[in-house]
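Hi there,

Here is the structure I promised to pass on to you. Have a look at it first, and then read on for my notes.

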2 protein chains.
Amino acid sequence: MALIVQKFGGTSVADPEKIKAVARRVIECGKQDNQMVVVLSAMSGETNRFVDLAHQMQAIPDPREMDVLLSSGEQVTIALFAMAAKEAGYDCVSLLGDQVKIQTDTMHTKARIKSINAELITGHLNSGKIVVVAGFQGVTEKGDITTLGRGGSDTTAVALAAALKADQCEIFTDVDGVYTTDPNICTSARKIDRITYDEMLELASLGAKVLDIRSVGLAKRYKVPLHVRSTFTDTEGTWVVEEDKIMESMLVSGVTYNKNEARITFSKIPDTPGIASKIFIPISDAGIIVDMIIQNTRAGEMTDMTFTVPRTDYEMAMKIVEKTAKEVGAESFSGDPHIAKVSVVGVGMRNHSGIATTMFHILSRENINIMMISTSEIKISCVIEEKYTELAVRALHDAFELAKENLPIGE
Amino acid sequence: MALIVQKFGGTSVADPEKIKAVARRVIECGKQDNQMVVVLSAMSGETNRFVDLAHQMQAIPDPREMDVLLSSGEQVTIALFAMAAKEAGYDCVSLLGDQVKIQTDTMHTKARIKSINAELITGHLNSGKIVVVAGFQGVTEKGDITTLGRGGSDTTAVALAAALKADQCEIFTDVDGVYTTDPNICTSARKIDRITYDEMLELASLGAKVLDIRSVGLAKRYKVPLHVRSTFTDTEGTWVVEEDKIMESMLVSGVTYNKNEARITFSKIPDTPGIASKIFIPISDAGIIVDMIIQNTRAGEMTDMTFTVPRTDYEMAMKIVEKTAKEVGAESFSGDPHIAKVSVVGVGMRNHSGIATTMFHILSRENINIMMISTSEIKISCVIEEKYTELAVRALHDAFELAKENLPIGE
């Protein structure tokens, strides 16, 4: 008998009929000699409705009360699910975050899970019940309700799977898996059958649409096999697993892009110790997260410093930079919100050279200027002009032959 | 400094603007050197929406899951209220039934409160916060969510007032108090300023619209002064208090009616011991609550037995009666769903005779036939044909001069 955790997102439980369909699906899986734990999000639209209500009450809604408000959404879906399962003849019990004792820190609206008490769930499972748990929510030591932030239900599912030592954790969503790139801009994008946790983490901007990145990190740490698949079909989706579970790694697994950043450059600043901290402390004090940082050495004692920030923080960052530029004696500074970051990801590149060269060559062939480069062990990212994003993604997807199935390394 | 519990019903918190208005009202009261505890219902319409959703899931929705579902409604309003209060500059904290530890029995959808832990609330009040509590909900010893049934938020408010030893409990609603009779059928109906707990209990059918009867019983037991008043005006409503708090009792406080009953009569049954239990055991086994029972003795060894049941149970009761009639050897049986019970209520009648006589006289004068009579220490009820209800109420309201203010006994 296997223990399976299944998570269904908001679009999968958007109305009574869909909740019933989900219940049928879970029961079907349970009948195949599996113990079932189900994690549900709020009905799609509910969270937006609550956020809207909250903003009618308070300019900046109180985070503790926001969590009380938001967590009611999952409470509704788990109760309805339990009813549907019971109507179909299966015993089922709903549990809220505080009932499962999903204990979190006190960071309201973006709390992190500290521990889960698996005892109550195990008891219900052993008495033959389907257990349906409210996703996205937890409780502090003092008994205040918390929520886990964006994608929190995925995190709940993986954390439960880890705590219960589940055999697998299935994330049901409205797409049928993780693709080699965004199918909306590249028609030859192909669904990936298996991918490593690390690759999935790097494919953040692709994955964000189907799988919360935080939950991937959690799955990696606890070695929880993840299966991302569609609520609306029976076909297999994408398995996210340990590297040794994949026989033949692809050289490159996917091409991803991110249009949510902006570039800022200081030109000709004195290349003295401590210059970087003078630039970045005021920015981080403002709560702005810097992604890439590149420092070029010029001839003489001058240097250039370029970095990227979230596009939504661009205006704020530029105001800070204006002040800092004077303080550090920069000759000038400039910014560009119309950039994009294009990345190729693959564990195969650890042992294979030439991926970067190919990437640069392809971009150059398409007359796309590379503004910044950064690399990790399994990813190469280039910042380019935003307008070339789609062209770059398609050219790279072609060049690395991602449309072909099973292209193992070395062949 | 006084401690005041204020409860606002669903129509009072029906939308964001109304919730803000309620918050302003509570804050205003708090500024007058009062500690404030607020109990809220779900937004009006929400409970019906949930019940409808539940019935789409399960023919007979599971009671435990129903409570999980329903209790989410109050969770929304208390969070929104707390935000509104904070926006207005007052510190406020929302608490759910399980956070306050409103411990109940396990009778889902109609649980009864066993105990309340006042400690958490007292702590928040002493640190200067307004405390807003979700009405209608509690938690079992094992941690399951329960709801208190119809009018449950009133019960929450009174129970909290009792546990906190509050100075008063104000029930805000969409009418401005308890009336001498239904203003919809008697234009001269007058708002009652003060009424005893016992009278309020007897005025059930009037009071049900403004105040849950269970909460009145609770208020009586713990001597909690209740104030029933309108959310939408500042005028005083009706105080429900101990008898010794009312200087001059009215002879009759109100005239009430109930159209929700039906009459059933057995004619000519053998007047032998045990006959009543033979008739009523099958009815109570079917979960039907019998209100009035009257047995007339006929000449000889025969008797007639008449009783009333809720009109919704009439068909079911008649089927049972058909069977019982044969078993007990009744000559015949008959039923009438078109009856009404008209009652006059007043603590004054304890010490004054003639109230019943006046009532019978007035009904007779209007050519209204009395089918059944029952009396309690402070109430006289007559069952009449339904079509005469309004006529009877108006005539009795007139006869006892209820339109006049302050008519003390003996003048």
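Chain A is built from 13 helices and 20 strands. Its radius of gyration is 24 Å, close to the 22 Å that the globule rule gives for 411 residues, so chain A is as compact as a globular protein of that length. Please keep in mind that this is a predicted model. Along the principal axes, the C-alpha atoms of chain A fill a box of roughly 75 × 55 × 30 Å. Buried residues make up 49% of the 411 in chain A. If you take the contacts in chain A between residues at least 6 apart in sequence, 75% of them join residues at least 24 apart.

Now to how the two chains sit together. A rotation of 180°, with 0.0 Å of shift along its axis, brings chain A onto chain B with an RMSD of 0.1 Å. The two copies are thus related as by a two-fold rotation axis. Which C-alpha of chain A is nearest the axis? That of A:S72, at 2.6 Å from it. Both copies use the same surface, since 100% of the contact residues of chain A recur in chain B.

The contact itself takes 27 residues from chain A and 27 residues from chain B. On the side of chain A that touches chain B, the elements giving two or more residues are helix 1 (16-31), helix 2 (46-57) and helix 3 (63-87) of chain A. Helix 3 of chain A gives the most, with 14 residues. Sorted by class, this side of chain A has 16 nonpolar, 7 polar and 4 charged residues.

Strand 1 (residues 2-8) and strand 2 of chain A pair in the parallel sense, over 7 bridges. Within this pairing, A:K7 stands opposite A:V39 in strand 2 of chain A. Strand 2 (residues 34-40) of chain A is mostly covered, with 6 of its 7 residues buried.

Further along, helix 12 of chain A has two faces to look at. In this helix (residues 355-365), A:I355, A:M359 and A:L363 are buried. They cover an arc of only 65° around the axis, which puts them on the same side of helix 12 of chain A. What do the buried residues of helix 12 of chain A pack against? Their partners are strand 18 (339-345), strand 20 (379-385) and helix 13 (389-399) of chain A. The face turned away from the buried side of helix 12 of chain A carries the exposed residues A:T357, A:H361, A:S364 and A:R365. After helix 12 of chain A comes A:N367, whose phi is positive, near 60°.

B:V328 belongs to helix 12 (residues 314-328) of chain B. B:V328 counts as partly exposed because it has 18 C-beta neighbours inside 10 Å, and a residue needs 20 or more to be buried. Leaving aside neighbours within four places in sequence, B:V328 is in contact with B:I269, B:I275, B:K278 and B:I279. B:E385 is 57 residues from B:V328 along the chain, and their C-alpha atoms are separated by 28 Å.

How values were computed
Residues numbered from 1 in each chain as written. Chains lettered and ligands numbered in written order. Predicted model: local features only at pLDDT ≥ 70, side-chain atom pairs only at ≥ 80, totals over all residues. Least-squares fit on C-alpha atoms with pLDDT ≥ 70 in both. Contact = placed C-beta atoms within 7 Å. Buried ≥ 20, exposed ≤ 12 C-beta atoms within 10 Å, placed from the backbone. Helix = DSSP H or I, 4+ residues; strand = E, 2+ residues; numbered from the N terminus. Arc of directions from axis to C-beta. Rg over C-alpha atoms; globule rule 2.2 N^0.38 Å. Nonpolar A, V, L, I, M, F, W, Y, C, P; charged D, E, K, R; others polar. Pairing = 2+ DSSP bridges.
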